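Subject: Structure for your review

Dear colleague,

Please find below the structure that I am handing over to you. My notes on what was found in it follow directly after it.

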Amino acid sequence: MRPHNKVMGVISDNVRSLLAGIPAGVTVVAAAKSRTVAEIEEAIDAGITDIGENYLQEAVPVIGALGDRARWHFIGHVQKNKAKHVVRLFDTIQTVDSVELATLLDAHASKNGRTVPVLVEVNSGREENKHGVMPEDAVALVRRISTLDNIRVKGLMTMGPFMEDFSGLRPYFRETRMLFEEIASLGIANVAMEVLSMGMSDSYDIAIEEGATMVRIGTRIFGPR
Ligand SMILES: *Cc1c(COP(=O)(O)O)cnc(C)c1O
């Protein structure tokens, strides 16, 4: 399928050179959509500890094969009819953006006897057709989620708007970090602002400069999709 990746070592080399440039305290989540179990396993063997998946149906066989070898982050949009399985399979859900979704995840977490860490996804570009809560509505959403017993807000996640020139993302990352600090300063019970997930293959260095503690990287690890 992707013959250039069949040569063992390309992904390992990518992971090693990437991790060498990542500061301590920043976690790399390998964004693994469309990648095979073998590719993901090579990334784990080379030092990746956290894997992000966007689609439940792709994640099921991967987690089945490699489940205990990494932490699993759901980074796609959670469809309501899949919420039950997303809660069952993933360690962290990064894309909570509404009270309705939070309430549904909380109910499934309760049935599983779990407390699930989540990030609130912020639509930092305020784009109409994008997921994520509008920045001005984020505090209210975090407060509502803080009253649910079985999910715990651990931070924020953002994609930022699509741009040809990735340096244009800096103000969106900066605004999300300021929101992160604002929420932290409110000291809301049951809310911890520990994780700020932003930055991808072309923008992770800017995101880290702007305060990201977690970056989600696909292409730079696995090659073009
Ligand atoms: C695919 C994806 C990434 C990584 O994108 P790359 O540009 O391949 O690094 C990060 N976050 C999310 C939510 C993604 O879907």
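R126 counts as partly exposed because its relative accessibility is 40%; buried means under 20% relative accessible area, exposed over 50%, and partly exposed in between, with a 1.4 Å probe and protein chains only. R126 is placed in the loop between β5 (116–122) and α7 (138–145). Helices (H or I, at least four residues) and strands (E, at least two) are DSSP runs, numbered from the N terminus. Although R126 is not a glycine, it has a positive phi of about 50 degrees. Most residues other than glycine have a negative phi. N190 also has a positive phi, near 70 degrees, and is likewise a residue other than glycine. The place of N190 is in the loop between α8 (170–186) and β7, and with a relative accessible area of 42% N190 is partly exposed.

Please note that this is a predicted model, in which local features need pLDDT of at least 70, side-chain atom pairs count only at pLDDT 80 or more, and totals for chains, interfaces and linings use all residues. Residues are numbered from 1 along each chain as its sequence is written, and side-chain values use heavy atoms, with hydrogens and water left out.

The ligand and its surroundings

Which residues surround the ligand? They are A31, K33, N54, I75, M159, M200, S201, R216, I217, G218, T219 and R225, where a residue is near a molecule or strand if one of its heavy atoms lies within 4 Å of it. By type, this shell divides into 5 nonpolar, 4 polar and 3 charged residues. Here Ala, Val, Leu, Ile, Met, Phe, Trp, Tyr, Cys and Pro count as nonpolar, Asp, Glu, Lys and Arg as charged, and the others, Gly among them, as polar.

- N54, at 2.7 Å
- T219, at 2.6 Å
- R225, at 3.0 Å

The protein covers 92% of the 390 Å² of accessible area that the ligand has on its own; such areas come from the Shrake-Rupley method with a 1.4 Å probe, and for residues only the protein chains shown count as cover. The ligand takes up the space of the largest pocket. A pocket is defined on a 1 Å grid over the protein atoms alone, as an open set of points where a 1.4 Å probe fits, with protein on both sides within 12 Å along at least five of seven lines. A molecule sits in a pocket if more than half of its atoms lie within 2 Å of its grid points.

S201 and Y204

S201, one of the residues around the ligand, is found in the loop between β7 (191–197) and α9 (204–209). Is S201 buried or exposed? S201 counts as buried, because its relative accessibility is 18%. A polar atom of the side chain of S201 lies 3.3 Å from the backbone nitrogen of T219 and 2.9 Å from the backbone nitrogen of R220. Polar contacts are pairs of N or O atoms within 3.5 Å; within protein, one must be able to donate a hydrogen and the other to accept it, and residues adjacent in sequence count only if both atoms are side-chain atoms.

Y204 has its place in helix α9 and is buried, with a relative accessible area of 16%. From Y204 to T219 there are 15 residues in sequence and 12 Å in space, C-alpha to C-alpha.

Further buried positions

V28 lies in strand β1 (residues 27–31) and counts as buried at 5% relative accessibility.

T92 belongs to strand β4 (residues 92–96), and at 14% relative accessibility T92 counts as buried. T92 and V15 are 77 residues apart along the chain, and their C-alpha atoms are separated by 22 Å.

A102 is in helix α6 (residues 99–111) and is buried, with a relative accessible area of 0%. The C-alpha atoms of A102 and N150 are separated by 9.7 Å, and the two residues are 48 residues apart along the chain.

With kind regards

Definitions and conventions. 1 Å grid on protein atoms, 1.4 Å probe; cavity = no way out; pocket = protein on both sides within 12 Å on 5 of 7 lines; lining within 4 Å.
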